[in-house]
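Q: Can we go through this model and ask what stands behind each label?

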Amino acid sequence: MGTWRRLLLFGGASLRACGGACVPLGGGRVLVWGRQFSGAESETLKQRRTQIMSRGLPKQKPIDGVKQVIVVASGKGGVGKSTTAVNLALALSANDSSKAVGLLDVDVYGPSIPKMMNLKGDPELSQSNLMRPLLNYGIACMSMGFLIEETAPIVWRGLMVMSAIEKLLRQVDWGQLDYLVVDMPPGTGDVQLSVSQNIPISGAVIISTPQDIALMDAHKGAEMFRKVHVPVLGLVQNMSVFQCPKCKHKTHIFGADGARRLARTLDLDILVRMPLTVVASPVLEHRLWTRRLSSHGSRA
């Protein structure tokens, strides 16, 4: 480790200690204190710093019955994150019918999975008093949207939201799942940290549209997962191109190469480029995901 220097400003006071030197600066003085650490001392400091930072963090505990967890996230809202989560879950199921897939919606304030998966109703309780997921298209689904009225807003402070997240993570009877796809809320806040620190995550998929503003927040989302030691599997560029249904002319409404530049910066792959299309249901778009997973061995 190099020289450790501390700069302390003192208003006009003179202080000399431990071999330090006073340097005048704008009427005040600066104490420059230097000390050279050996390799053993440096390693000890690193270990001590890691111990201090890890204090108070929850210990990760797997979700019962779930083999792998994949989170779908974005820094910006409105980029198609929930649609992509649905398509990914459907594609994983279609790619290998022997695999059991679940879909968990932890976007407490704006749950979208009930609408996208065409599901309504209250979850039943198991004998262990755990909620049973609702099932459609072969995907087991759980969302805060099943527990409230469709038009009822959730006006909660942080502690209540975290309590709801804990229940969604620990009080659902998933049975045996090969994959659990988690639809995260936008941003890099409490929910993202709570999920990342409480359960082991196999990887994160970052969603963005090609605009610079969306890409800036996608960059932050990717860096957040790296800071909490969650592997980032790659980027999805949503709304990448629009093709006129009449003349078939293709237009890059939001730009063309933004995700490619970001992927190069982060040293990530672009998993798929989703076009901006008019479809009857988001589940129809899963064919693109199925082809991608088939050609790359389910790396997503």
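Q: What share of the 300 residues in the protein chain is buried?
A: The model is predicted. Buried residues make up 41% of the 300 residues in the protein chain. The cut-off for buried is under 20% relative accessible area.

Q: How many helices and strands does the secondary structure of the protein chain come to?
A: The protein chain has eight helices and 13 strands.

Q: What order do the eight strands of the open sheet take?
A: The order is 6-7-5-8-4-9-10-13, and the pairing is mixed. The sheet has edges at strand 6 (134-136) and strand 13 (270-273), each of which pairs on one side only. On average, neighbouring strands of this sheet are turned by 25 degrees against each other, direction ignored.

Q: How do you know that helix 7 packs on the sheet?
A: Helix 7 touches strand 10 and strand 13. Touching is a matter of heavy atoms within 4.5 Å. The direction of helix 7 makes about 165 degrees with that of strand 10.

Q: What makes strand 9 mostly covered?
A: Six of the six residues in strand 9 (residues 203-208) are buried. On one side these are Gly203, Val205 and Ile207.

Q: What makes strand 9 and strand 10 a pair?
A: The threshold is again at least two bridges. Strand 9 and strand 10 (residues 232-237) have five bridges, also running parallel. Val205 stands opposite Gly234 in strand 10.

Q: Which elements make a right-handed β-α-β unit?
A: Strand 9, helix 6 and strand 10 make this unit. The label right-handed is used because the path from the first strand over the helix to the second runs clockwise, with the strands pointing away from the viewer.

Q: Why are helix 6 and helix 7 called roughly parallel?
A: Their axes cross at roughly 25 degrees and come within 10 Å. Angles under 35 degrees count as roughly parallel. Helix 6 and helix 7 are therefore roughly parallel to each other. Their crossing is right-handed.

Q: Which residues of helix 6 meet helix 7?
A: Asp212, Leu215, Ala218, His219, Ala222, Glu223 and Arg226 do. Their counterparts in helix 7 include Gly258, Leu262 and Leu266. In general, an α-helix has 3.6 residues a turn, so residues three or four places apart point the same way.

Q: Which residues of helix 5 are buried, and what covers them?
A: In helix 5 (residues 190-198), the buried residues are Val191, Gln192, Ser194, Val195, Ser196 and Asn198. Their cover includes helix 4 (158-170) and helix 6 (212-227).

Q: Why is Asp269 called partly exposed?
A: Asp269 has a relative accessible area of 33%. Buried needs under 20% and exposed needs over 50%. Asp269 is therefore partly exposed. Asp269 is found in the loop between helix 7 and strand 13.

Terms used:
Residues are numbered from 1 along each chain as its sequence is written. This is a predicted model: local features need pLDDT of at least 70, side-chain atom pairs count only at pLDDT 80 or more; totals for chains, interfaces and linings use all residues. Side-chain values use heavy atoms; hydrogens and water are left out. Buried means under 20% relative accessible area, exposed over 50%, partly exposed in between (1.4 Å probe, protein chains only). Helices (H or I, at least four residues) and strands (E, at least two) are DSSP runs, numbered from the N terminus. Axes are lines fitted to C-alpha atoms, for helices over the stretch in contact, and angles run from 0 to 180 degrees between N-to-C directions. Angles under 35 degrees count as roughly parallel, over 145 as roughly antiparallel, 65 to 115 as roughly perpendicular and the rest as oblique. A crossing is left-handed if the near helix is turned anticlockwise from the far one by less than a right angle, and right-handed if clockwise.
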